[in-house]
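Here are my notes on the model, as numbered points. Please read them with the structure open.

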Amino acid sequence: MRWGVVVFPGSNCDRDCLAVLQRVLGHEAVAIWHDERVLPTVDAVVLPGGFSYGDYLRSGAIAAFSPVMAAVARAARNGLPVLGICNGFQILCEAGLLPGALLTNVDGLFHCHPACLRVESSCCVFTRGYASGEVVRMPIAHGQGRYYADPSTLDRLERSGSILFRYCDARGETTLESNPNGSLANIAGISNEEGNVVGLMPHPERACEPLLASTDGLRLFLSVGSLPFGAEARTAHVHSAAR
């Protein structure tokens, strides 16, 4: 399994992602600078968290126009698994690879603390290691994480099973109090309808070792490594198509 981690000016979680992929999982992983126009041979791509381009205009708005994003979009259309974490989720929405937008938290505050999430779907390439309805725990750290989409888009996400994670309490109830940023329908993570492009505001890379108080994020990365043979063949096709 070979991963690519895209690095934008202002990314600050790229080293965390590389450490998990290389040291914890023992996978091969390479950093990809934002001005690359061609992706290296990889089986999956991560857009990490941080403050790309200083969050000028709005979070992820400038990074969406980085040269590498055209290559990421081409590869995603051909089925390459793409994961956007926090700022990476914001970039995927700004680039049009995922629907909706991430707005300023409803209380205007930056939230940095662990959060409970209910897994809504285990059918996606990144969530097949979880059970639907399972409650997991990952940290959040954002000031602009309030997911918003118009009613028709929200309805399409619900009907297609593209909502992957919702903020909840420890019992799995999606209460107002368990929603840290005012996201519509307590949404914490979604996928595209094909299931290969995923964005979430919580940080799975910060929940991959016992020392970090949770290992619930590990299965998100391991899920991709459990691709069936047919999917691996498709990924090989993506390698050539992405060039």
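1. Is Cys123 buried or exposed? Cys123 is exposed, with a relative accessible area of 74%; buried means under 20% relative accessible area, exposed over 50%, and partly exposed in between, with a 1.4 Å probe and protein chains only. Cys123 sits in the loop between β6 and β7 (135–142). From Cys123 to Leu164 is 9.0 Å, C-alpha to C-alpha, although the two are 41 residues apart in sequence.

2. On the basis of these notes: this is a predicted model, in which local features need pLDDT of at least 70 and side-chain atom pairs count only at pLDDT 80 or more, while totals for chains, interfaces and linings use all residues. Residues are numbered from 1 along each chain as its sequence is written, and side-chain values use heavy atoms, with hydrogens and water left out.

3. The protein chain has six helices and eleven strands; helices (H or I, at least four residues) and strands (E, at least two) are DSSP runs, numbered from the N terminus. Its radius of gyration is 16 Å, close to the 18 Å that the globule rule gives for 243 residues, so the chain is as compact as a globular protein of that length. The radius is taken over C-alpha atoms, and the rule is 2.2 Å times the number of residues to the power 0.38. Of the 243 residues, 54% count as buried.

4. The largest nonpolar core has 68 residues, and those with the most contacts inside it include Trp3, Met69 and Phe221. Such a core is a set of buried Ala, Val, Leu, Ile, Met, Phe, Trp, Tyr and Cys residues joined through side-chain atoms within 4.5 Å. Helix α2 (residues 67–77) gives the largest share of this core, seven residues. Leaving aside neighbours within four places in sequence, Met69 is in contact (heavy atoms within 4.5 Å) with residues including Phe8, Leu47, Ile91 and Leu97.

5. In helix α5 (residues 218–225), the buried residues are Leu218, Leu220, Phe221, Ser223 and Val224. Their cover includes β1 (2–7), α1 (14–24), β3 (44–47), β4 (82–85), β9 (163–168) and β11 (197–200).

6. Which residues touch Asn105, leaving aside its neighbours within four places in sequence? They are Phe110, His111, His142, Gly143, Gln144, Gly145, Arg146 and Asn181. Asn105 lies in the loop between β5 (101–103) and β6 (111–119), yet Asn105 is buried, with a relative accessible area of 2%.
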